[in-house]
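Good morning, colleagues. Please keep the sequence and the structure in view while I speak.

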Amino acid sequence: MALDEFVAELNELADTAAESFSQAADATSLESLRVKILGAKSGQLKSAQQGLGRMDSADKPLAGKHFNQTKKRVEAAYQAAKTRLRAASSTQAASSFDATEPGCRPRIGHLHPITQTIQELKDIFGRLGFSVAEGPEIEDERHNFDALNIDRSHPARDPLDNFYLHASSDGIATDGENNMEVALESPWLLRSQTSTVQIRVMEENPPPIRIVSLGRVYRPDTADATHYPMFHQIEGLLVDTDVTLADLKTVLRIFCSSYLGEDVSVRFRPSFFPFTEPSVEVDMQWGDGWVEMGGAGMVDPNVFRAVGYDPEQVTGFAFGLGVERLCARRFGITDIREFFKNDIRFLKQF
Ligand code: DAH
């Protein structure tokens, strides 16, 4: 067999094969083409290869080389067809997606129970005519203690019972960045009570006042079922003329039945707070027993003086209740730590 005849035959085989592969419409017809052309026993290439044996030995090297090139070309055409069909079948799978099948419902989050409680308390007091005031969580001693009639020697100011920032008790603070001692007129601390907001509101506004303030407070307590180093309080302040303890009790009773239910009652027990006189401890009913919810009382004249109000002209009441306690009472939660673990199984229930 002449070399040019052999080459022409191979070229034609390759052209036809490439054409057929590129037109294969599905995997089955591609496979039968593969057997017909590339098949190891009686494929067209295999038969063409037999022509090699009938060549002059001088032409064999060139003819062999050409045969190998042809084989590569045909195989490449087969691979290209295979890839093309595979891509087509995956788009077909995507288009068989059924939009009417029921889907997986995404889990939608919601507000934390404490945040929900805060919103509800704001709503209830809003209906009673109280507006919402806010104050900073980092406070100075004037707002956390002095103006609230808590004097320098009062145990509530003990550094062990407060989160002072940078400061030592003698008013010398360390500037963390420059490692220098700076004299502070009044060191800062994380507020230990929301009563601070009473002072801030009265400093900025003339009477009458009718506010609630809800937010975080901080105390270095060891966490247990009823203590946590951070918790939330709701503070209330009403200042006007002729305000009485009966008004305080009425407001708290209405609040209590709105939040906890008609059948829950409020009890006052005599107590002491530097910023109220007289002072009471506020208990709310829990089953057969009573739970302490916070403190309250008539605003002490010294507090009015500290903010420039005339205690001969105005009277007022104040109260401070624990938000976690209210929420726990409502839902029967017995350990305050549950609120801050962020265990989704707990939070999901609210
Ligand atoms: N600030 C008090 C505390 O954290 C609670 C309190 C008691 C607030 C009496 C008041 C009040 O406004 O009148 O323990």
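Predicted model: local features only at pLDDT ≥ 70, side-chain atom pairs only at ≥ 80, totals over all residues.

A296 stands opposite F319, a residue of strand β12.

Let us remain with β12 and turn to its other pairing. Strand β8, residues 230-240, also runs antiparallel to β12, here over 8 bridges. Within that pairing, L238 faces F317 of β12.

We return now to β11. Here 8 of the 11 residues are buried, so this strand too is largely enclosed by the rest of the structure. Which strand pairs with β11 over 9 bridges? That is β10, residues 276-286, and the pairing is antiparallel. One example of facing residues is M284 with V291, the latter lying in β11. Together, β10 and β11 make a hairpin, with 2 residues between the strands. In the turn of that hairpin, G287 has a positive phi of about 60°.

In general, the strands of a sheet pair through backbone hydrogen bonds, in either a parallel or an antiparallel manner. In our model, 7 strands form an open sheet with mixed pairing, and their order is β1-β7-β8-β12-β11-β10-β9. Why is one side of β1 and of β9 left without a neighbour in the sheet? Strands β1, residues 131-132, and β9, residues 266-273, stand at the edges and each has a single partner strand; one side of each is therefore left without a neighbour in the sheet.

For β1, the neighbour is β7, residues 209-218; these two strands run parallel and are joined by 2 bridges. S131 has I211 of β7 as its bridge partner.

Finally, I ask you to look away from the sheet and towards the surface. Which residues gather there in a patch of negative charge? They are D4, E5, E9 and E12. Among these, E5 is placed in helix α1, which covers residues 3-23.

Thank you for your attention.

Terms used: Residues numbered from 1 in each chain as written. Heavy atoms only, no water. Patch = residues over 30% accessible without salt bridge, like charges linked within 9 Å, V, L, I, M, F, W, Y side chains within 5 Å. Areas by Shrake-Rupley, 256 points an atom, 1.4 Å probe, with all protein chains shown as cover. Salt bridge = Lys/Arg side-chain N within 4 Å of Asp/Glu carboxyl O. Lys, Arg positive; Asp, Glu negative; His and termini not counted. Charge placed at Lys NZ, Arg CZ, Asp CG, Glu CD. Helix = DSSP H or I, 4+ residues; strand = E, 2+ residues; numbered from the N terminus. Pairing = 2+ DSSP bridges. Buried < 20%, exposed > 50% of the residue type's maximum accessible area, 1.4 Å probe, protein only.
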